[in-house]
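Please examine the structure before reading each solution.

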Amino acid sequence: MFIPNEDYIFLKDSGRQFRYLWLKEFSWLRYSKSTDGAFCLSCVLFGNKFKQRSRISQPINVIIDTNVKEKIIKNRQILRPIVDAIIFCGQTNTPLRGHRDDSQYLPEAREYSKCGTGCFNKLLNFAVRNGNDVLGSHLNNCSKNASYISKTSQNEIIKCCGEEISESILSEVRKNVFFSIIADEACDSSTKEQMSLVLQFVDSDFNIREDFIQFIHCSEGVKGKDLLNVLLNCVSNLNLDIKNCRGQGYDGASSVSGYINGLSAQVLNINSKALYTHCHSHRLNLSVCESCNVQLVSEVFNKVRELSYFFNYSENRQKFLEASILEREPQTHKKKLNDICRTRWIERIDGLNTFLEHYLSIFHALCIMASPESSVNKDTQNKSSTFLNSIGTFQFVFTLVVTTRVFDFTLPVTRLLQSKTIDILDGLHLITALKNTFISVRNDIDSFHNNCYEAACLLSSKAEIFVLKPRTCSIQKNRFNVPSESVSEYFKRAVTIPLIDHVSTSISTRFKSETVAAYKGLSIIPFNIISFLKRPKTQLCWRKQFEIFCDFYIDDFPNISALNGELVLWEKYWESFSGTIPDNISLTLKSISFPGFENIRIALRILGTLPVTSCECERSFSVMRRLKDYMRTTMSEDRLNGLALMYIHQEIVPCIDNVINRFSIKNRRLDFND
């Protein structure tokens, strides 16, 4: 390499000349005598190595030394099956570790375990036995601190997989800009209070999504201020701006719903546009629970629950029930009674339906077990006789029939509210339809009651139960003492009317007509516009309601001055539209895939983020209890979140190469950086 001295005379070309002072000032600079040009030191030393440049940046040692590059490729081949095995275990909720997972208990590669090692090590040995010689050679010859199958390496790879999944979701959130926070708290197996964080947003395909992001340990407490600190730290770590939050969805607990110190109120103090929505499913469940305060209905629920425990917790009693069902209902596939649980909304209604369907079989099974000639023990005989006296009355039969039919009205709404793709407009339509259903039933109460009464009489006749009403007297404290001229009239006043009134009033109270500004924006939905236009006196009402919505979110619109023109064109467009008119937010967004309507598009995206229920949080808690059970109570937060993300979001498969890239950010004993 040529290095000129201070006396060297540099050539002059077109008045330009290299200066020796530059070599002293810039240590990386070198002069080429043959070309009379300036080059950096790396180009002078390794210029022939850079003839074919790649756009992918690589470490200099990889570019120079082909052996290093081959070694990195081999190292990544070693890590790929390890990452693949972890993803498999995560998606199938298979525990990775076993009873003996320390290195001294691990078998040789290709060998079967004899000491109770975990599924993760068994999967790796399975891969070696099926021809993965690179992995087999690594497991047999690697040093103990570079095997990458230890619990520490597992936790780091699980964390990388979780980050890959969450980043895939968060990239969609950032594209939409606006999002809503849905959260709930529950205690895990180690008595830690965990907050489940779910984000609702509109993705790039205009689908409304509710995606679980992570569990957050509420280490500071569960008061509103404590939850706020935890939530703000989490949102900041996710690189999201709380100012872009347009909704909050929680249950009705005071720590989140309190209008002064609750979490929702404190978030509103930071961002006034983050409107709070009490979960519609929780509200509907509370309405049903309040309806159970009717005395006869409450007694039916208690007896059905006790009978389900009576049969389900004893194999011998269950055999009597199954034999009775097989004799009377040979075509049925249901042979067990469901628990009537207060927190499992659908199972409670399904449990009533199952009990009513098998009432005759249950009654017959109790008769057999209560008889002195039965083979069961004395305690079971006494309990069977007690239950027989409780359910063997016309009062029980009629209340069971009415309660089942009333709660069946809420079952379709409950199922639809728990779906993951529902938007706010669908939720409001469902609740409105349910309200109207109970109003209609109450207005035609005689017809509804007569149908229930006839069904109860038919069922009672099959069980040889007399159609009687309870004895009435002048002073009665423990049961209804309503005046009546007939059995039907008594039960209409004692059961049917009070139950319908309780349900209808409770639903109307908990689901009042929404008056917040955000819901006024639903008038922009084409189906609603056409409904307004069909009524001459309300043609301009939809635009006035939408203007209230626009005033509330005025800072979010890209060109508010053009909004009036957009609204006029929007109305004319759908008025002359010949296809199917969209009736919800997602379909409306998909129908305007062409450029234009920028302000209306933003309005629809905001409406699409407004939460309806917090059911996704409830589903995530079910996953948490399966992952962090009583045998894995010491599981770390990163491991729990990584496994939960892989199990919940099975439609998002982490890219193994990206996971290895994340894993290789830290210094490793084996080089994985390509």
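**Exercise 1.** How many residues line the largest pocket, and which lie nearest its centre?

*Solution.* The model is predicted, with local features needing pLDDT of at least 70 and side-chain atom pairs pLDDT 80 or more, while totals for chains, interfaces and linings use all residues. Residues are numbered from 1 along each chain as its sequence is written, and side-chain values use heavy atoms, without hydrogens and water.

Step 1. A pocket is an open set of points on a 1 Å grid over the protein atoms alone, where a 1.4 Å probe fits, with protein on both sides within 12 Å along at least five of seven lines; lining residues have an atom within 4 Å of a point.

Step 2. The lining comprises 35 residues, and Asp101, Asp102, Asn121, Ile149 and Gln154 lie nearest the centre. Two or more lining residues come from each of α5 (119–129), α6 (133–141) and α7 (151–176); helices are DSSP runs (H or I, at least four residues) numbered from the N terminus.

**Exercise 2.** State what share of the protein chain is buried, and set its radius of gyration against that of a compact globule.

*Solution.* Step 1. Of 674 residues, 47% are buried (under 20% relative accessible area, 1.4 Å probe, protein chains only).

Step 1. The radius of gyration, taken over C-alpha atoms, is 35 Å, whereas a compact globule of 674 residues would have one near 26 Å. The globule rule is 2.2 Å times the number of residues to the power 0.38.

Step 2. The C-alpha trace spans about 130 × 80 × 50 Å along its principal axes.

Notes: Buried < 20%, exposed > 50% of the residue type's maximum accessible area, 1.4 Å probe, protein only.
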